[in-house]
Every structure is written in structure tokens, then in C-alpha cells.
Amino acid sequence: MFIESTVHLPVSLAMFQDIFHAPTSVEVTVRILLRWAHFVAGITWIGLLYFFNLVNVPFQKALDPETKKKVNPDLLGRTLWFFRWGAVFTVLAGLMYFAMYTLKGDVNNANNIGGGHINIWWVLLAWLTYPIVLFIVEFLIMVAVVTWGLLKFFEGMLAAGGESWASNKTYSIGIGGAYGIVMMLNVWGIIWPNNKRILAATAGTGPAAPPELARQAFIASRTNAWLSLPLLLFMGTAHGDWVIFGKN
């Protein structure tokens with residue numbers, strides 16, 4: 001049981017001793033903690049993304065230059081710190097979970113049942129090239145094309161014994177996770193560097209910022225807001241309620 005002894009517990013807690021149970025193993029504990037870290041960091045990141053697009057953009061239009069100098073360095077500097085590190089922790093926790101508890105099962109099936117010789121790290125590293133390439137040419141590649149390419153990628157990489165062993169989880173998390181990595185690269189490659197220069201110029205601690213920096217950061221942030229919609233859709237279809245791709 002979760003609570004071995006209830007002698008020193010208030011009645012309000014002791015009454016739940018038969019409801020709550022500790023994880024059955026270290027592996028389950030790690031799995032739960034990775035999910036939790038992924039969700040908390042993702043809520044922080046996506047929540048601030050929506051704050052920037054839905055609240056901050058119209059709010060900034062209403063501020064005069066003097067008010068911006070007083071408000072923005074502290075407000076946006078702090079917000080951008082949580083924003084960019086939320087992106088990193090979301091992706092790192094998601095990558096660990098994907099490799100350890102989703103992709104690993106499909107690779108084992110392909111190797112042990114299908115007789116394949118697939119290296120999970122090669123699949124993972126090769127998969128990472130998709131979002132990196134998409135980041136470089138993100139404004140030239142449509143989401144539908146990338147999704148189709150990732151479907152074909154997993155279908156081919158996890159093929160053994162005459163069929164593909166890619167499951168719905170791998171497809172959905174693989175596609176949604178690729179979009180998440182693109183969003184993180186947008187944060188660190190465009191949104192944060194541009195805003196850092198703008199805030200320094202506003203606070204008087206740096207040179208004047210070119211006017212195009214704000215536009216670039218806005219476009220990257222708005223791109224992330226739109227990419228979050230298919231990302232959340234694919235993440236939501238990864239757990240068996242809706243088998244959108246492949247095997248359950």
C-alpha cells in the first residue's frame with residue numbers, strides 16, 4: 001500500500017490509504033517522472049507562447065515608448081527566461097521518454113520478431129535531422145509534406161520481416177515531437193536572440209536594434225503558435241484512444 005502505517009496520519013489522509021499506491025518499480029517511477037517533467041515544462045512553454053501571441057502583442061501596441069523602457073526589460077526578460085528553458089526541458093524530457101518507452105518497444109519488436117537489425121540510436125539521430133532541416137527551411141516546407149515524410153521515414157526505418165513495426169505511438173509522438181523540436185529551435189535561434197537585442201537597446205545597455213528584429217521574432221513566435229496545434233493533436237492521439245496511424 002502507499003501508506004504502510006496510518007498511526008500518525010490525520011484521518012483526512014488515512015482514509016485514502018487504499019486508494020493511492022506507490023509505483024511498482026523504479027522503471028515505472030522514472031516513466032512517470034519523465035511524463036510529469038514533460039507536461040510541466042510543456043505547459044510552461046506553450047502557456048507563455050500563448051501569452052506572447054494573445055496578450056503581449058496587443059498589449060505592446062498600447063504602450064508608449066517611455067512605458068516600454070520601464071516595463072519591458074524586467075517583464076519580458078523574466079518571461080523569456082522561463083520561455084526558452086521551458087522549451088529545452090520539454091524537448092529533453094520528451095526525447096528521453098520517446099527513446100526509452102516508445103521507440104524502444106517498436107525496435108525490439110522489429111528485431112526480435114521481425115528478424116531485423118535496427119539500432120535505436122541510429123533511428124533517433126536520423127529522426128532528429130527532420131526537425132533540424134525543417135528549422136532551416138521552415139517557411140518553405142508545408143506541415144503536410146513534413147508529416148507525410150515522417151510517416152514514410154518511420155515506416156521504412158522500422159521495417160523488418162516484410163512489414164513495418166511502427167506503432168501509432170511512434171508515428172504520433174515522432175511527428176508531434178519533430179514539430180516540438182522545430183519550435184524549440186525557433187525559440188533559441190530567433191525569438192530569444194532577437195528579443196535579447198531589443199531589450200538591451202530598450203534598457204540603454206546595448207546598441208540600437210534593427211527594426212526587422214521585432215518582425216522576425218513575431219513571425220517565429222506566430223509560427224510556433226500555429227505549429228503547437230498539430231503538435232498537440234499528434235501527442236493526443238499517441239495513447240490508444242484514436243489510432244490515427246499504424247498499429248495500436
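**Accessibility, salt bridges and core**

Student: Why is K152 called partly exposed?

Tutor: K152 has a relative accessible area of 43%. Buried means under 20% relative accessible area, exposed means over 50%, and partly exposed is what lies in between (1.4 Å probe, protein chains only). The value for K152 falls in between, so K152 is partly exposed.

Student: What should I know about the model and its values?

Tutor: This is a predicted model, in which local features need pLDDT of at least 70 and side-chain atom pairs count only at pLDDT 80 or more, while totals for chains, interfaces and linings use all residues. Residues are numbered from 1 along each chain as its sequence is written, and side-chain values use heavy atoms, leaving out hydrogens and water.

Student: What makes E155 and K152 a salt bridge?

Tutor: Their closest N and O atoms are 3.8 Å apart. A salt bridge requires a side-chain nitrogen of Lys or Arg within 4 Å of a carboxyl oxygen of Asp or Glu, so the pair qualifies. E155 is itself partly exposed, at 36%.

Student: How far apart are E155 and K152 along helix 5?

Tutor: They are 3 residues apart, which means about one helical turn. Helices here are DSSP runs of H or I with at least four residues, and strands are runs of E with at least two, numbered from the N terminus.

Student: How many salt bridges does a search of the whole structure find?

Tutor: It finds 3. One of them joins D74 and R78 at 3.4 Å, N to O; these residues lie 4 residues apart in helix 3.

Student: What makes N56 buried?

Tutor: Its relative accessibility is 8%, so N56 falls under the buried cut-off. N56 sits in helix 2 (residues 26-61). Not counting residues up to four places away in sequence, N56 touches F51 and L76, contact being heavy atoms within 4.5 Å.

Student: What makes a set of residues a nonpolar core?

Tutor: The residues must be buried Ala, Val, Leu, Ile, Met, Phe, Trp, Tyr or Cys, joined through side-chain atoms within 4.5 Å. The largest such core holds 52 residues, and W45 is among those that touch the most other members. Helix 6 gives the largest share of this core, 14 residues.
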